[in-house]
Amino acid sequence: MILSLAAFAYATQISAQNKYRNFTELSRKTESLAKEYPALCSVKSLVKTAGGKDIFVLTIGTGEKDQKPAIAVLGGIEGNYLAGRELALGFAENLLKDSGNPDIKQLLSSITFYVFPDISPDASEQYFTGLKYERVINSRSTDDDRDFVSDEDPYEDLNGDGIITLIRVSDPAGTFIESDDDRRIMVAADLSKGQKGSYFVYSEGIDNDKDGKFNEDGPGGVNPNRNFTCNYEEYGQNSGYHAMSEPETKAVADFLFDHFNIYSTVAFGPQDNLGQPLKASEKQPEFTSFEQGMGRGVGMGMGMTRGAPREPVDRRITAILKKDEIINKLVSDKYHEITGAKGAPSAVQAPGNFMDWAYYHYGRYSFSTPGWWYPVEKGKNSEVAFLSFAEKNRIPDAFVPWTEIKHPDFPSKKTEAGGIKPFIMNNPPADTLGYLISKHYEFITALAAMHPELEFIDTKIENRGDNLFSITLKVHNRGIFATAAEAGSINQWTKIMRMVIEPAKGQTLLSGQKIQRIQRLEGGSTAEFSRLISGKGSVLISAGAINVGTIKTTLELK
Amino acid sequence: MMKKYKFSSAALLLLLFLPAISWSQSYQMFYKAAGSPANPGVQASWNKYYTNQGVADLCSKLAKTYPDLVTMETIGKSFQGRDIYLLTITDKKTGIHSQKPGFWIDGNIHSIELQGTEMTLYTAWYLCEMFDENDFIRKLLAEKTFYIAPTINPDGREYFTSSTVPPRSGLAPRDNDRDGLVDEDGTDDLNGDKEISLMRIKSQRGNMKIDPSDPRKMIRVAPDEKGDYELLGYEGFDNDGDGLINEDGPGGYDGNRDWGFNWEPNYVQNGADKYPFSFPENQAVRDFVKNHPNIAASQSFHNSGGMILRGPSIRGGGSEAYSRQDDDVIERIGLTGEKIIPGYKLLTIWKDLYTVWGGELDWMHGNGCFVYSNELWTSYLMFYDSTNTDQYEFDRLLLFDDAFIPWQKAIHPQYGEIEIGGFKKTLGRLHPGFLIETDAHRNAAFCIYNAYEMPLLEVKDITVKNLDGGLKEVSAAIENKRMLPTHSASNLKYRIDPPDYVFLDGGTVLSGMIVDDVLQNRTTEQKKNPGRLEVNNIPGNSQVYVRWIVKGGSKFNVKVESVKGGRASGQSK
């Protein structure tokens, strides 16, 4: 039964969350949810990171949870987007608190949720321990700047305020100037405007290895959100030795691949397709929906086809497909409607990111958003825009004023430390977390309500005499989502729907296959089947797949 | 008294020489042919395929018999828990294996491509057996290290040698037809002969008939002729009742689409699995190669087609860089390979074969190596004649019908009475017994040549010049006497390995510099840490020049350490 979306309005309570929780607090809460709701919720630690932290996943649902269509919700996609962790775990908390509500009960009887509070716990913990800087890399020691030494040039807190901002060095050879729009912000001097630089700007720290670069190789690491296989950048910045090299990414991918019942992912991180939905390209790739990806390596092992050299064909899909574009737009509209968010965050392209992987390589409906952003007018400097936003919204102490310091690398030059505080451009004030969690909880449950759902309709039995029966029936998808994303139809890691006809003893199937594949069904569309059967009895018919559910019916032929 | 003593001493002498006489009589059973060991320490014959047990046995024997050359280890386990063996072969007395340029060889990544294992085993055996007898091999093992992994898919190999025809991949179960069942419909050995042969059925609708000149052959009938047979494909039936036959057998991925370089998922690259290094066998190779950055060049054996394959594997090469100089070296070595292995052609994968995403060759290249992959066996080898590739004639004249399974009746669960027959799995892509050793020697020779051309560094022309103020200027040349540079273009572009380090010992170093132009005497000073000069690359068959300003000392030692180029040192006079 498709749930009415209005029904949620009265049910949602505003979450009470008003602080950012560290790893221990998140873990404790995660484990306590499983204890508090043992029938609905179980927790598993998938792997320990190099920094000794767990990647947790909560399974929330009823009955045979892993056999029901499911949505995965993930936080901690990048270590400096802390709000995502609260949104993910907060979703789980709200869902369980609300589980007595008849609409949620109904939802949980059809849909399972897998919640990963944080897939980058090594990096996100930096905010809570000692020196605060925006860290995106895990605890695997790597040679980030390829100088054949690892972790030799970290940040240093030169002005003793416990956070890392910037330093600016007065120097006639410098390439930066103060912005005309806000003198606190440093921008590159624009020669075309006749500007001459008078500062060098670096992140706060010293050049430990005297290579001219500052703080380019600190403790850690690989950024898990650069380590997924889609558009993975070989030798990229913090991308790892190879795609899926990290325990975090491998554990998450293994879990997702093993759970064929998952049909959609919702991630909280820098990539966004909810504020601003994605656009399909004009040219659509040609492939038939469910014949692709079948029967490769067929038994024989004589797979290597040799022949005349042929023109290489590039089969890679690089833009959202048309049918999925429609769903993305629908969901984005719903997101704006429920959360009240205006506009969209600035697009953040990054090689090897999770959102793209979940769509192009995992073949599911993939949604992602930071969950919170501030408005930036087109063409304007985002830091300047942030400071004016911070002032309007009374975010205190957003900027550390430029103050002179002594810097060992610039003994004869005036050096000042200052800049926008870390984390606050990507993360909302803690006292708004409760509200955001509630809104995103509403959104995800509304998204879940759009799930595909099969039903048999127009079932007809015709008795042709002489013990001969014709049966026709239709399989109808009465949900909004298709039975699989269009990108999933060519993906080896999604299942194809099947219809199975089981005649009773004494009945024979005269025409039509016992097992037949059902092609992908858009929301609202139908596939028709007919069979010819001889003999009286009960014919058992089932249709579906693990990611959409299986429906059954019995036809009495008498 | 004297007489008696004399007689006994003569008898004593006879007794002493008797064993020698009988020993030399047995020694004379064999006379050494050119280029082969006459009395190998490890007996091995090369007209058969080795099972996994045979591989382990031969490797152990080599390690036991030649402890000063060979170390045997397990680098990991396969999906089904079998050992993946690796032999490290070098002259241990002249240096540590990891400090010499390393040559990697592996075979049998694809289950039915068995003979790669025989090629690698022969190479290992030959190097060991010829070390004492042959100057070239002796010098080679003093300068270089071989890392030889006879099979990196022992599960597939086991299936081939003990069961029927394996999938191309290893044996991790996969739902190839995406129906929710795993490995439910593979081939079926209907007549229990451990082969998967062709099926034919007598049929009024058939378009095939038995060749009147050779009952083994099936030929298509003319359009106006009526055939009496239909070919039904490979042995099997529809195990899961879904209307398809043999669509989901054991395994079903491709181990050579699993490597972490230019990797793409299955819909782009057939055979790819979840992500790169999804499989333990390849993970084992990855970890070993990563921990042995001295590996500078490699060979991975496949079948078939008679090819010496080089990269790039995708158009444009993706992230790889091939410089003009690298290309010249690759072409030169590859074309020499065509001479060494007649019938084999040097081909570029994406251009002359097909695009491969996530292949082992590209990954090795991405680690800074020079890589080839040979596709073993070509029908040219049957009659050394590219115009005669008639397998039936070859089987009759040279194998005496040994490779053909005569058509025989069998019962098929769906079709009823059918006939099964065809060539055995050991002919078509695999060398017949009598041709294994020849091709093994030729492919080993290609590996040896390839390994020989890995860098060989020499420190020479150390000169000491007196300067004012009691300082000295010490200059030296570092020569690379072989074709391969110490750093490939990829290696330089992506800073995969450190530069070659050149150290000076014997005085206090005040300044160090690279001599960019010897004739013009142009130098670039290295400001940081001049006692350890950083040379980006020493190209093939060329020299680089270094210089220091030193205080004190009289005798100086110059030492070069290159990750992929090995080490060398020299002393001033």
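Predicted model: local features only at pLDDT ≥ 70, side-chain atom pairs only at ≥ 80, totals over all residues.
Q: What makes the contact between the side chains of A:Arg316 and B:Glu264 a salt bridge?
A: The N to O distance between these side chains is 3.8 Å, which is within the limit for an Arg nitrogen and a Glu carboxyl oxygen, so the pair qualifies. Side chains of opposite charge can pair when their charged atoms come close.

Q: How many residue pairs are in polar contact between chain B and chain A, and which elements of chain B touch chain A?
A: There are 24 residue pairs in polar contact, both residues being at pLDDT 80 or more; a polar contact is a pair of N or O atoms within 3.5 Å, where within protein one must be able to donate a hydrogen and the other to accept it, and residues adjacent in sequence count only if both atoms are side-chain atoms. On the side of chain B that touches chain A, two or more residues each come from helix H6 (280-291), helix H8 (349-353) and helix H9 (360-366), elements being DSSP runs numbered from the N terminus (helices H or I of at least four residues, strands E of at least two). H8(B) gives the largest share, four residues.

Q: How do you know which residues of chain B and chain A are in contact, and how much area is buried?
A: With contact taken as heavy atoms within 4.5 Å, 70 residues of chain B are in contact with 56 residues of chain A. The buried area is about 5500 Å², with 54% given by carbon and sulfur atoms; this is the accessible area (1.4 Å probe) that the two parts lose on being put together, summed over both. Of the area that chain B buries against chain A, B:Arg178, B:Tyr267 and B:Tyr275 supply 18%, more than any other three residues.

Q: Which peptide bonds are called cis, and where are they?
A: One joins A:Gly220 and A:Gly221, with omega about -25°, and A:Gly221 is in the loop between E8 and H6 of chain A. Another runs from B:Asn303 to B:Ser304, with omega near -5°, and B:Ser304 is in the loop between strand E9 (295-303) and strand E10 (307-310) of chain B.

Q: How are residues and chains numbered, and what pLDDT is needed?
A: Residues are numbered from 1 along each chain as its sequence is written, while chains are lettered from A and ligands numbered from 1 in the order in which they are written. Local features need pLDDT of at least 70 and side-chain atom pairs count only at pLDDT 80 or more, whereas totals for chains, interfaces and linings use all residues, and side-chain values use heavy atoms, with hydrogens and water left out.

Note on methods: Salt bridge = Lys/Arg side-chain N within 4 Å of Asp/Glu carboxyl O.
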